[in-house]
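Here is a short report on one predicted model. Please read it alongside the sequence and the coordinates.

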Amino acid sequence: PTIYMVTPTHTHPEQKANLVRLSHTLLHVKNIHWIVIEDSVSKTVLVSKFLQNSGVKNTHLAALTPHEIKMKYNDPTWLKPKGVLQRNAALRWIRENLNPNTDNGVVYFADDDNTYSLEIFQEMRNTKKATVWPVGLVGGLRYEKPIVKDGKVTGWFTYWKPNRPFPMDMAGFAVNVNLFFNNPDARFSNEVPRGFLESTILEQLNVKMEDLEPRAENCSKVLVWHTRTEKTKLKNEQLMIKRQGQGSDPNIEV
Ligand code: UGA
Ligand code: MN
């Protein structure tokens, strides 16, 4: 099966660094199709050139988050849902371009700033319905994870909003692509309460707790980390302009 890895990405100073780092992981993964969706009106030159040269099989899309729901650079990170319309654009592409009878695969919603071990791709490769595993450095804990008894998921080790139907991070599960064909209206929504993106998509895909297939040695190993890229302070750009009339060269891509 092919892994269809869905990655929203947005223009900010650390974007290219995140994408380069992630692409270098993916270069080690066989049979992966990277669907990268920019949060922008149209595809940018930076991401287009990057993907062309990345060496990773990819599809490049763009879907803009409208102004009213768009996060500002200095907003607290939890203020609004992120990546919603971008992931929906990828779901639409999947439904329009894959053949449910011949393309078997797995969909993984993988943000551009997390850290992925190579093992996690092996763990998700064979997913009947939905596979799950621990995620490190998330939810104010060293890890969050499904609790597994006798090979079945029975609950969750999560502190934050543990009563969500599926209280886990986006990086903690993958689903068979056929679920998107069997549930043709399933999509992400900007209207859901904080932390409910994962639960609402899994519910719409008609996934039940008893369907979950635990991976990573019965959810005992952390193979993916919810790392976040530090916002670089660029305050000396302005000071440089004051001091010598110009800042850094905008033609030099960072
Ligand atoms: C956490 C989860 O890990 C996300 O999967 C979930 O979408 C998010 O919470 C949420 O609840 O909305 P977090 O690390 O806080 O994510 O978010 P980011 O990594 O900053 O953003 C998630 C993805 O959306 C990234 O791939 C990012 O590039 C993209 N994004 C972010 C946009 O496309 N547009 C934005 O304005 C901001
Ligand atoms: Mn993130």
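## Fold and dimensions

The chain has 8 helices and 12 strands. Helices (H or I, at least four residues) and strands (E, at least two) are DSSP runs, numbered from the N terminus. The radius of gyration is 19 Å, close to the 18 Å that the globule rule gives for 254 residues, so the chain is as compact as a globular protein of that length. That radius is taken over C-alpha atoms, and the globule rule is 2.2 Å times the number of residues to the power 0.38. The C-alpha trace spans about 65 × 40 × 35 Å along its principal axes.

Two residues are in contact if their C-beta atoms, placed from the backbone, lie within 7 Å. Among contacts between residues at least 6 apart in sequence, 75% join residues at least 24 apart.

## Model and confidence

This is a predicted model: local features need pLDDT of at least 70, side-chain atom pairs count only at pLDDT 80 or more, and totals for chains, interfaces and linings use all residues. Residues are numbered from 1 along each chain as its sequence is written, while chains are lettered from A and ligands numbered from 1 in the order in which they are written.

The chain averages a pLDDT (the predictor's confidence in each residue, from 0 to 100) of 96. A score of at least 70 is reached by 99% of the residues. For the complex, the predictor gives an ipTM of 0.98 and a pTM of 0.97.

Of the 254 residues, 37% count as buried. Buried means 20 or more other C-beta atoms within 10 Å of a residue's own, exposed means 12 or fewer, and partly exposed lies in between; C-beta atoms are placed from the backbone.

A nonpolar core is a set of buried Ala, Val, Leu, Ile, Met, Phe, Trp, Tyr and Cys residues joined through C-beta atoms within 7 Å. The largest has 58 residues, and Y4, M5, V6, V107 and Y108 have the most contacts inside it. Helix α3 (residues 84-97) supplies the largest share of this core, 6 residues. Leaving aside residues up to four places away in sequence, V107 touches Y4, V6, A174, V175, V177 and F180.

## Ligand 1 shell

Ligand 1 is surrounded by 21 residues, each with its C-beta atom, placed from the backbone, within 6 Å. The closest are H10, D39, G83, D111 and M170. Strand β1 (residues 2-9) gives the most to this shell, with 3 residues.

## An exposed glycine

G55 sits in the loop between α2 (45-52) and β3 (58-62). G55 is exposed because 11 other C-beta atoms lie within 10 Å. G55 and L27 are 28 residues apart in sequence and 7.0 Å apart in space, C-alpha to C-alpha.
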